[in-house]
Amino acid sequence: MKVLSVVGARPQFVKLAPVAQALARTGRVEHVIVHTGQHYDAKMSDVFFEDLAIPAPDVHLGVGSGSHGVQTGAMLTGLDPVLSEHLPDWVLVYGDTNSTLAAAVSAVKMHLPVAHLEAGLRSFNRRMPEEHNRVLTDHAADLLLAPTDEAMRHLTTEGLAERSVMVGDVMTDVCHLVRDKVADTPLADALDVTGFGDGLDLGQPFLLATIHRPDNTDTRDRLGAILDALRAAPAPVVLLAHPRLVAKAAEHGLDLVGGSLYSTSPLAYPQMVRAVMGAAGVVTDSGGLQKEAFLLGTPCTTIRPETEWVETLAGGWNVLDDDLTRLADVAVREAPIAPRGTPYGDGHTAERVAQVLLDRAR
Ligand code: UD1
């Protein structure tokens with residue numbers, strides 16, 4: 001069987017890692033990896049392939065940044081000949097980025113079977129580009145691999161139950177493996193504080209933050225309010241600045257430092273896991289990071305009005321604070337006593353994904 005995975009953005013490389021290993025372990029799958037080039041900075045792309053031992057992409061489309069239409073269109077143009085050449089049994093798409101949608105559209109138009117990993121997530125917030133990408137991809141795909149019971153419920157409500165299989169979440173597979181590897185790594189090796197001057201002592205409680213969503217970065221008022229709230233946080237905040245955030249802060253003339261706020265570059269995956277494990281709290285608008293905080297037992301505060309990962313809210317592990325009124329009180333808080341359970345699977349999801357793809361290949 002031939003599986004062709006299409007990835008392009010940072011969270012997709014994390015999901016690809018356990019899937020690539022599980023497909024290889026079957027001994028029965030030829031796996032072709034296509035990188036669209038949506039993320040191209042070394043820290044957003046190359047380090048993930050190196051650290052997570054993902055085979056180098058077989059094809060790199062080199063699409064780069066652009067408006068949604070320009071970026072997605074360039075991917076479609078690049079993918080058509082690649083899919084025609086390989087004619088895989090499955091085109092496997094991951095998550096909810098423009099790379100996901102482009103690959104799903106290109107494949108269905110060529111009558112190639114599409115499997116969507118992480119199907120069925122919904123924020124019901126139609127302002128999010130990811131929400132358009134998820135809904136359109138789910139309705140185009142032939143096989144929907146759902147990470148949670150909640151995702152299965154959404155797919156059923158939308159009439160897609162027959163095409164759906166609940167497999168669990170591959171991010172649990174990779175997160176647990178890496179957690180066990182980095183548990184003994186000194187925090188200072190994961191989070192280099194030499195650039196922060198004398199002001200940051202990792203022996204004291206600190207918050208780890210990321211902000212990158214368009215709704216939080218694209219207007220000066222909103223981004224300014226978020227940065228002000230982080231500057232006023234009750235503990236030092238290490239902001240891992242995504243390229244979009246850096247670009248938008250520069251455009252708006254806003255500083256990414258001051259008060260409690262320190263900024264540095266995005267971290268590689270093992271360093272990120274170690275930093276989350278060592279932080280007193282996480283403040284983010286990322287979907288993946290909300291879930292990683294939950295899996296690693298670190299309280300999270302999410303700067304969004306809603307979350308697709310509703311299981312993280314149970315027991316107060318994750319708190320939504322879109323209007324920034326609670327951050328000062330809740331960002332540093334005791335980890336809840338409530339047990340988290342295993343809503344994101346048992347860490348063996350990638351094996352199930354490989355088996356379902358083998359079982360259902362036409
Ligand atoms: C994309 C995904 C988002 C995901 C995020 C993870 C879409 C619609 N969004 O958002 O779901 O959570 O990736 O990080 O697909 N840039 C660089 N270098 C890079 C990549 C981006 O400088 O390697 C800059 C460019 O200025 C670019 C901007 O970041 O215009 C945004 O990048 P883009 O890929 O369009 O979206 P993300 O915000 O990264």
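Start with the largest pocket, which holds about 1100 Å³ of space in this predicted model. Select A9, P11, H39, H212 and H242: of the 46 residues lining the largest pocket, these are the closest to its centre.

Next, colour the helices around this site. α1 (10-26), α3 (68-86), α5 (129-140), α11 (243-252), α12 (269-278) and α13 (287-296) are the elements that each give two or more residues to the lining of the largest pocket. Then colour that lining by residue class: 19 residues are nonpolar, 16 are polar and 11 are charged.

Now colour by domain, with domain 1 as 2-169 + 345-360 and domain 2 as 178-330. Where does the largest pocket lie relative to domain 1 and domain 2? Both domains give residues to its lining, so the largest pocket lies between them.

Move on to the second largest pocket, with about 300 Å³ of space. Select Q21, D173, V174, L177 and K181, which lie nearest its centre among the 18 lining residues. Show α1, α7 (170-182) and α15 (349-360) here, the elements that give two or more residues to the lining of the second largest pocket. Which element gives the most to this lining? Select α7, which gives 6 residues.

Colour the lining of the second largest pocket by class as well: 10 residues are nonpolar, 3 are polar and 5 are charged. Finish by returning to the domain colours. The lining of the second largest pocket draws at least three residues from domain 1 and at least three from domain 2.

Definitions and conventions:
Residues numbered from 1 in each chain as written. Predicted model: local features only at pLDDT ≥ 70, side-chain atom pairs only at ≥ 80, totals over all residues. Heavy atoms only, no water. 1 Å grid on protein atoms, 1.4 Å probe; cavity = no way out; pocket = protein on both sides within 12 Å on 5 of 7 lines; lining within 4 Å. Points joined across faces, edges and corners; volume = space filled by probe spheres on them. Helix = DSSP H or I, 4+ residues; strand = E, 2+ residues; numbered from the N terminus. Nonpolar A, V, L, I, M, F, W, Y, C, P; charged D, E, K, R; others polar. Domains from an automatic or database assignment.
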